[in-house]
Amino acid sequence: METTKIKSALISVYYKDRLEPLVELLKANGVTIYSTGGTQTFLEEQGANVVAVEDLTAYPSIFGGRVKTLHPKVFGGILHRRDNDSDLAEREKFEIPPIDLVVVDLYPFEETVASGAAEADVIEKIDIGGISLIRAAAKNFKDVLIVSSRDQYDEVVELLQEKDGATTLEDRKRFAAKAFDISSHYDTHIFNYLNQESQEQVFKQSVRQATPLRYGENPHQQGTFFGKLEDLFEQLNGKQLSYNNLVDVDAAVALGAEFEEPAVAILKHTNACGCATADTIKEAYLLALSSDPVSAFGGVIIANRPIDLGTADELNKLFFEVLIAPEYDADALELLCSKKNRILLKQKPVELSKKQFKTLLNGVIEQDKDLKTETEADFTTVTQREPTAEEKKALVFAAKVCKHTKSNTIVLATDKMMFSSGVGQTSRVDALRQAIEKAQSFGFDISKTVMASDAFFPFPDCVEIADQAGIKAVVQPGGSIKDKDSIAYCDAHNMAMVMTGVRHFKH
């Protein structure tokens, strides 16, 4: 395949690290180097002969560095077509030297936003010259090689070494695609920053870090995770997280965040099969496990306190896929790592997005995350009997678990432990019957529990079934035109019911 020798290069970068091997290679190949400001100083310290861009353009860097490379002698050198006689004639007429390689990166806009910097500082990190150089060189990939990130330096050095300082059209087109990936990602983040107040109804997301997964939900489906898991977790042991692991881990993190007291939740297929609080994390785990030790097999477990050796001893008796905790004692970690495929994640205190979205039909739907969690202050008692103090605590606990369970759902719980749930049913009555049957199958006394529903009761049948099972306190959003029928039944049978006014559907 035909190659084109690189004879001249423009280098203007924010980050100077990792650049030295490329500079040495360009020097060895006798490439003419143009540069600006701090990059020029760096290159000269590396022993490179550099032509200052301001000498080329006869203009200094102006407006505090906002304008350095924006000049026809720079962009003409990049954009002129080498096989176009008119372009070549104009290049000669205006004494524009050709530029075959552009090495440029962008101001750290994302990092500046993440640092909490003032708006004025953020705005100054909107790159103009750099993004323009990237687009120009990428557009003219037929003649120019664009290197748009320090992450590409090693690849470019290897490429130029292999081809004696030359590139093919295929090479240049590949790097042009990388460049437009970087520029589009950059602009997306600028838009989303500036759009926080105006809130134009436009869906723009860009995540450049991709992790190929073994497969998707099933082996015949391909899967990829886009994001930086290392920002949220340090993986201490085990195989790569699968697609299904990640979905369950997401659900576990959301449920785990609901509790301040020591708590453990065990999840299967995004639903809690066990959840409990206690004075110690070991007690919380044992209570959570007792809810449904059958479903806990192969589950995802989250704890909101460090894992000590005593807890690890108990955990080690169970086969589970993933364990998430904020910390692990050294001896506990050593024990848990005895099974090489067991995934152990150390959760970092990272603020998560308050938005969520998914593909649907021929588009995307986006919504705010469900961040509303009810407390006793959100309860409105609608029955003659007020729930007892103990029942109110249990209702709060049950409502937290119910919020994170697939609809239609019913959760039966005490103030410290989920007994059972009915999940993902097509009728709320079926969800309740499933919860009752499951609790009874493990020998639980249902009369000790309260009932939480993710949505209103369209008929009084659910409170009737709950009453017959011995349940005497209920929390639900309310809002049915037949709320009065459910309330009347509760009043006639000494049941307490509170309403929250907030529905928690989870499809």
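Glu95 is found in the loop that runs between helix 5 and strand 5 (101–104). The structure under discussion is a predicted model. In this model Glu95 takes a positive phi of about 55 degrees, although Glu95 is not a glycine.

- Helix 5 covers residues 85–93, and Asn84 caps its N-terminal end.
- Just after helix 5 comes Glu95, the residue with the positive phi of about 55 degrees.

**A cis peptide bond**

- Ser407 and Asn408 are joined by a cis peptide bond, for which omega is about -15 degrees.
- Asn408 belongs to the loop between helix 16 and strand 19 (410–413).

**Two helix pairs**

- Helix 1 (residues 20–28) and helix 9 (residues 153–162) have axes that come within 9 Å and cross at roughly 25 degrees.
- Angles under 35 degrees count as roughly parallel, and helix 1 is therefore roughly parallel to helix 9.
- The crossing in which helix 1 passes helix 9 is left-handed.
- Helix 18 (residues 461–468) packs with helix 19 (residues 483–492) at an angle of about 20 degrees, and their axes are 8 Å apart.
- Helix 18 and helix 19 are therefore also roughly parallel to each other.
- Helix 18 passes helix 19 in a right-handed crossing.

**The largest cavity**

- The model has three cavities of 30 Å³ or more.
- The largest cavity holds about 80 Å³ of space.
- This largest cavity is lined by 13 residues, of which Glu374, Ala399, Ser453, Thr500 and His504 are the closest to its centre.
- Helix 16 gives the most to the lining of the largest cavity, namely three residues.
- By class, the lining of the largest cavity comprises six nonpolar, four polar and three charged residues.

**The second largest cavity**

- The second largest cavity contains about 40 Å³ of space.
- Its lining consists of Gly256, Phe259, Ala263, Val264, Ala265, Cys275, Ile302, Ala303 and Asn304.
- At least two residues of this lining come from each of strand 11 (263–268) and strand 13 (299–303).
- Strand 11 supplies the largest share of the lining of the second largest cavity, three residues.
- Seven of the residues in this lining are nonpolar and two are polar, while no charged residues are present.

**The second largest pocket**

- The second largest pocket has about 600 Å³ of space.
- Of the 34 residues that line this pocket, Gly65, Arg66, Lys68, Tyr107 and Asp127 are the closest to its centre.
- The elements that give two or more residues to the lining of this pocket are helix 2 (37–45), helix 3 (53–57), helix 7 (119–124) and helix 8 (129–139).
- Helix 2 gives the most to the lining of the second largest pocket, with four residues.
- The lining of the second largest pocket divides into 13 nonpolar, 13 polar and eight charged residues.

Conventions. Residues are numbered from 1 along each chain as its sequence is written. This is a predicted model: local features need pLDDT of at least 70, side-chain atom pairs count only at pLDDT 80 or more; totals for chains, interfaces and linings use all residues. Side-chain values use heavy atoms; hydrogens and water are left out. On a 1 Å grid over the protein atoms alone, a cavity is a set of points where a 1.4 Å probe fits but cannot get out, and a pocket is an open set with protein on both sides within 12 Å along at least five of seven lines; lining residues have an atom within 4 Å of a point. Grid points are joined across faces, edges and corners, and a volume is the space filled by probe spheres set on the points. Ala, Val, Leu, Ile, Met, Phe, Trp, Tyr, Cys and Pro count as nonpolar, Asp, Glu, Lys and Arg as charged, and the others, Gly among them, as polar. A polar contact is a pair of N or O atoms within 3.5 Å; within protein, one must be able to donate a hydrogen and the other to accept it, and residues adjacent in sequence count only if both atoms are side-chain atoms. Axes are lines fitted to C-alpha atoms, for helices over the stretch in contact, and angles run from 0 to 180 degrees between N-to-C directions. Angles under 35 degrees count as roughly parallel, over 145 as roughly antiparallel, 65 to 115 as roughly perpendicular and the rest as oblique. A crossing is left-handed if the near helix is turned anticlockwise from the far one by less than a right angle, and right-handed if clockwise.
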